[in-house]
Amino acid sequence: MNEREKQRERCKDWHRRNKDRVSTYSRRKRDEWKAYWKTHNPYLEGGEKRCSRCGHSLPRTDFYKANYKKDGLDCRCKDCAYLKNEAGALRRMLSKAKTRAKRRGLEFSLRLEDIKVPKTCPVLGIPLSYGWGRGCTRRKNFNSPSLDRRNNTRGYTKDNVRVISLRANHLKGDASVEELKAVLAYMCSE
Ligand SMILES: [Zn+2]
């Protein structure tokens, strides 16, 4: 047992011995909220809520439920909760791609271990990093890795997907090589 654990044990012991001296206010409140949210749906009460991490005001359904909180919701939005670590961010990326594939009727056979995230974007050479919040629409996380389908008509399969930066993916869009060449020629001619 190291020093830190010893200290923790001492603390626990003190709390056990002084149970009645410790304020039970917050504990009582927490129990009240828990009882309240047992019969109520936090998604149906109140308006928008501000995410404590990315700072955006979002609809309540963008937060996970947390019955021990006063308003019944987690303080971080779902995206921020997922982006807590890299593995979570990858899982989020994969599940979102699955949703898109389903919506568009595309094939989906990608698995978590198929996704290899390079250090830098293979297109633009910028370093890839995970940002808080939601991709590009609410915050400019252009450095975020994103899944790019080499062939836009095909779905999310191991050999059709690679990871590039969100910026490169946006620039590319669903354009064909000919279209991009035409755009480039137009830009150069000016
Ligand atoms: Zn957030």
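Analyst: Of the 190 residues of the protein, 14% count as buried (20 or more other C-beta atoms, placed from the backbone, within 10 Å of a residue's own). This is a predicted model, in which local features need pLDDT of at least 70 and side-chain atom pairs count only at pLDDT 80 or more, while totals for chains, interfaces and linings use all residues. Residues are numbered from 1 along each chain as its sequence is written.

The protein holds 6 helices and 6 strands (DSSP runs, numbered from the N terminus: H or I of at least four residues for helices, E of at least two for strands), and from the N terminus on their order is α-α-β-β-β-β-α-α-β-β-α-α. The protein is more spread out than a compact globule, because its radius of gyration is 24 Å, well over the 16 Å that the globule rule gives for 190 residues (taken over C-alpha atoms; the rule is 2.2 Å times the number of residues to the power 0.38). Along its principal axes, the C-alpha trace spans about 80 × 45 × 35 Å.

The domain assignment, which is automatic or from a database, gives domain 1 as 26-82 and domain 2 as 107-189, and the centres of the two, taken over C-alpha atoms, are separated by 33 Å.

Among the elements, helix α3 (residues 78-82) has the lowest mean pLDDT, 78, whereas helix α6 (residues 177-189) has the highest, 93.

How values were computed. A residue is buried if 20 or more other C-beta atoms lie within 10 Å of its own, exposed if 12 or fewer, and partly exposed in between; C-beta atoms are placed from the backbone. pLDDT is the predictor's confidence in each residue, from 0 to 100.
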